Amino acid sequence: MTSGDWITREAPRAVERLQTRLAPRFNGRPRRRRDFFRRLETHGERLFRLIHRLYGWRWDFAWQLERLVEVAAEAALARPSPIRRLDAAREESGIEWFGDPRVLWGMGYVDRFAGDLAGVGKRIEYLTELGVTHLHLMPLYAVPEGPNDGGYAVSDYRRVRPDLGTMEDLEALAERLREHGIALALDLVLNHTAHDHPWALKARQGDPRYQDYYLMFDDRTLPDRFVPHLREIFPERGGDAFTWVPGIPGPAGGKWVWTTFYPFQWDLNYANPEVLAAMAGEMLFLANRGVEVLRMDATPFLWKREGTSCENLEEAHLVLQALNAVAAIAAPFLVFLSEAIVHPDDVVRFVAPQECPLAYNPLLMASEWEAAATRDTTLLRHALAHRTALPEGSQWLTYLRSHDDIGWGFADEDAISHGIDPAGHRSFLNSFYSGAHPASFARGMLFQENPVTGDARISGTLASLAGLEAALEAGDPVLVDQAVRRILALLSVVATAGGLPLLYLGDELGQLNDYRWPTHSPGADDNRWLHRPFFPWEEVPTASEGMGASGRIRAGLLRLLEFRRRHPSLATTEVEVLPLRSRELLGYRKRHHDDEVLVVVNFSERSVGLGAGELPPRSWVDPEGQPVAWDTTRLLDGYQVVMATRSDIR
Ligand code: GLC
């Protein structure tokens with residue numbers, strides 16, 4: 001008998017045994033029992049296979065599977081009734097908003113956006129006016145004292161950072177947001193915990209069970225075997241991925257702990273199935289608070305194996321798929337968003353309905369910035385034409401920047417295929433966006449420069465990177481106008497090329513870099529705080545009147561979103577890139593049923609010609625319904641965006 005045969009025979013039996021074992025827990029809760037066991041029936045075998053692949057070699061494999069399903073059952077029993085209704089609707093219709101052109105994501109830090117959770121509740125009107133339908137609040141959990149990587153060092157997933165509010169406040173906010181048509185997204189920081197999480201504290205005290213939650217070593221033998229294969233994620237912190245933590249009982253009076261990011265973020269050991277079950281418990285706890293989307297933080301790093309880069313390993317996918325199956329059993333309303341900022345081939349591998357159906361598109365983001373610097377859309381066209389396809393039932397988030405730095409994540413082979421030296425080009429882009437390059441319009445900073453490899457990434461807000469800061473400083477209205485147009489050109493691609501647009505809140509007002517970050521932020525050596533400013537509420541009244549650069553950006557964005565809302569084709573990932581002759585121009589066609597949209601964007605400040613024969617032969621109308629005359633070559637102004645639809649289907 002092959003192991004495949006064995007699994008096929010054993011999986012249904014295991015599911016059956018689990019049903020018998022868990023049934024008494026649902027006594028007196030017939031509806032919950034019916035739903036839970038129906039879902040277990042549907043997804044149990046999938047879960048069995050995944051857990052078998054991950055931990056099948058263990059003598060206690062069956063027990064581990066049972067433990068995981070038990071976690072799901074506990075959560076299903078505790079799930080609040082209003083959310084259970086959403087579960088049912090989701091199961092019936094799938095994730096409908098994936099194809100909804102009205103969707104707009106906003107993201108921000110609770111304290112910087114609105115003070116605290118109650119404050120966010122008071123800003124709902126602002127969000128709905130902007131059209132926000134999904135709000136990602138950056139990690140708001142309890143953190144250690146001192147630096148906490150912007151909340152990504154979590155001391156307790158079940159406790160809100162006290163200055164932001166309480167879990168009850170969070171639940172109340174999730175509900176209020178939902179009443180206003182806004183879904184709440186939070187992070188599941190699952191690759192690591194803070195060094196003072198209760199699991200870490202027990203490990204520190206010498207409890208071997210909890211030491212096995214992490215990757216801890218008495219000496220450098222194993223770390224030294226791993227290190228040569230690892231990428232330095234935060235090079236500026238120096239050294240390697242291991243941190244010496246004194247005082248942990250053991251022969252050496254301390255241990256080396258795996259810390260991919262900062263020394264206070266201890267990587268979890270998913271080779272230990274107890275960790276998976278524990279994290280599933282935290283995940284479902286959050287799902288039961290009313291969170292609809294969990295951003296799965298740092299997905300590529302979840303599994304380690306000697307001799308590899310310990311990124312994007314097959315088992316990292318299996319861990320996510322197992323969590324996905326658990327969620328499908330206990331909380332089907334929950335959606336996973338993958339945060340994988342790696343090679344484009346690897347980014348896509350995390351995206352699938354049964355893994356993470358939603359993902360950031362970091363390649364589109366980086367390629368837009370690349371095209372803005374070079375005034376050449378070659379790589380951007382390549383990214384759109386060859387690297388946007390996703391499996392059916394999954395979707396991209398498109399964006400220009402997040403709370404993180406911008407990395408030049410195009411594939412080396414794509415650059416080379418267009419005659420571009422990848423390393424040289426990245427170095428040019430870093431010089432351009434840090435403002436060092438003499439021809440740069442940008443104001444940004446190098447993030448995590450690696451003195452050995454010369455690699456770096458870029459910090460900065462949308463407006464500062466796109467030239468508004470320098471233009472305002474120069475007091476030059478022509479440059480200001482150019483910067484505003486550039487920002488809107490960049491945003492137009494985010495809003496139309498393929499996926500759901502995401503905005504870092506404040507960018508809609510052209511918010512500039514925050515140079516007070518070294519004294520005003522919790523991570524004084526982390527210049528990502530440059531682009532995490534406090535929300536400029538004082539600018540909202542004038543901006544709402546359409547005045548000043550902020551007002552023009554906001555008004556332009558609202559127009560874009562209004563156009564988007566009318567065209568379902570713009571929420572699809574499929575895109576047909578047009579082979580336009582001028583490399584400054586990016587043009588594409590979007591189609592979905594009988595909706596058809598044409599977009600042409602000039603990525604340079606000069607006027608560029610576009611020939612009539614270069615466009616699909618149709619009669620097009622602009623958003624106001626006026627025919628777009630395209631019988632001869634026509635000039636597109638600097639940063640002009642042309643959006644047109646078929647005249648017969650407006
Ligand atoms: C993700 C977060 C980033 C954080 C890292 C470690 O990449 O977006 O802000 O530093 O994970 O948790």
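Modeller: Happy to! Thr378 counts as buried, because its relative accessibility is 17% and the cut-off for buried is under 20%. Please keep in mind that this is a predicted model.

Thr378 sits in helix H16, which covers residues 378–386. The side chain of Thr378 makes a polar contact with the side chain of Asp376, at 2.4 Å. If you set aside residues up to four places away in sequence, Thr378 touches His418 and Arg583.

From there, let us move to the sheet. Five strands form an open sheet in the order E18-E19-E20-E24-E22, and their pairing is antiparallel. At the edges are strand E18 (576–577) and strand E22 (620–621), each of which pairs on one side only.

Two bridges join E19 to E18, and the two strands run antiparallel. Towards E20, eight antiparallel bridges link residues 585–592 of E19 with residues 595–602 of E20. Tyr588 is a handy landmark here: Tyr588 of E19 is the bridge partner of Val577, while in E20 the partner of Tyr588 is Val599. Moving along to Arg589, you will find that its bridge partner in E20 is Leu598. Strand E19 is mostly covered, with six of its eight residues buried. In general, the side chains of a regular strand alternate between the two faces of the sheet. The hairpin of E19 and E20 has two residues between the strands, and His593 in this hairpin takes a positive phi near 50°.

Next, have a look at the ligand. The residues around the ligand are Asp149, Tyr152, His192, Phe234, Phe261, Gln265, Arg295, Asp297, Glu339, His403, Asp404 and Arg528. Sorted by class, this shell holds six charged, three polar and three nonpolar residues. Asp297 has a side-chain N or O atom 2.9 Å from an oxygen atom of the ligand. His403 places a polar side-chain atom 2.9 Å from a ligand oxygen, and for Arg528 the corresponding distance is 3.1 Å. Taken alone, the ligand would expose 300 Å², and the protein buries 95% of that area.

Pro249 belongs to the loop that lies between strand E8 (242–246) and strand E9 (254–258). Beyond its neighbours within four places in sequence, Pro249 is in contact with Arg204, Gln205, Gly206, Gln211 and Lys255. One of these, Gln205, is 44 residues away from Pro249 in sequence, yet their C-alpha atoms are 6.8 Å apart in space.

Key. Residues numbered from 1 in each chain as written. Predicted model: local features only at pLDDT ≥ 70, side-chain atom pairs only at ≥ 80, totals over all residues. Heavy atoms only, no water. Near = heavy atom within 4 Å. Polar contact = N/O pair within 3.5 Å; in protein donor to acceptor, adjacent residues only side chain to side chain. Areas by Shrake-Rupley, 256 points an atom, 1.4 Å probe, with all protein chains shown as cover. Nonpolar A, V, L, I, M, F, W, Y, C, P; charged D, E, K, R; others polar. Pairing = 2+ DSSP bridges. Helix = DSSP H or I, 4+ residues; strand = E, 2+ residues; numbered from the N terminus. Contact = heavy atoms within 4.5 Å. Buried < 20%, exposed > 50% of the residue type's maximum accessible area, 1.4 Å probe, protein only.
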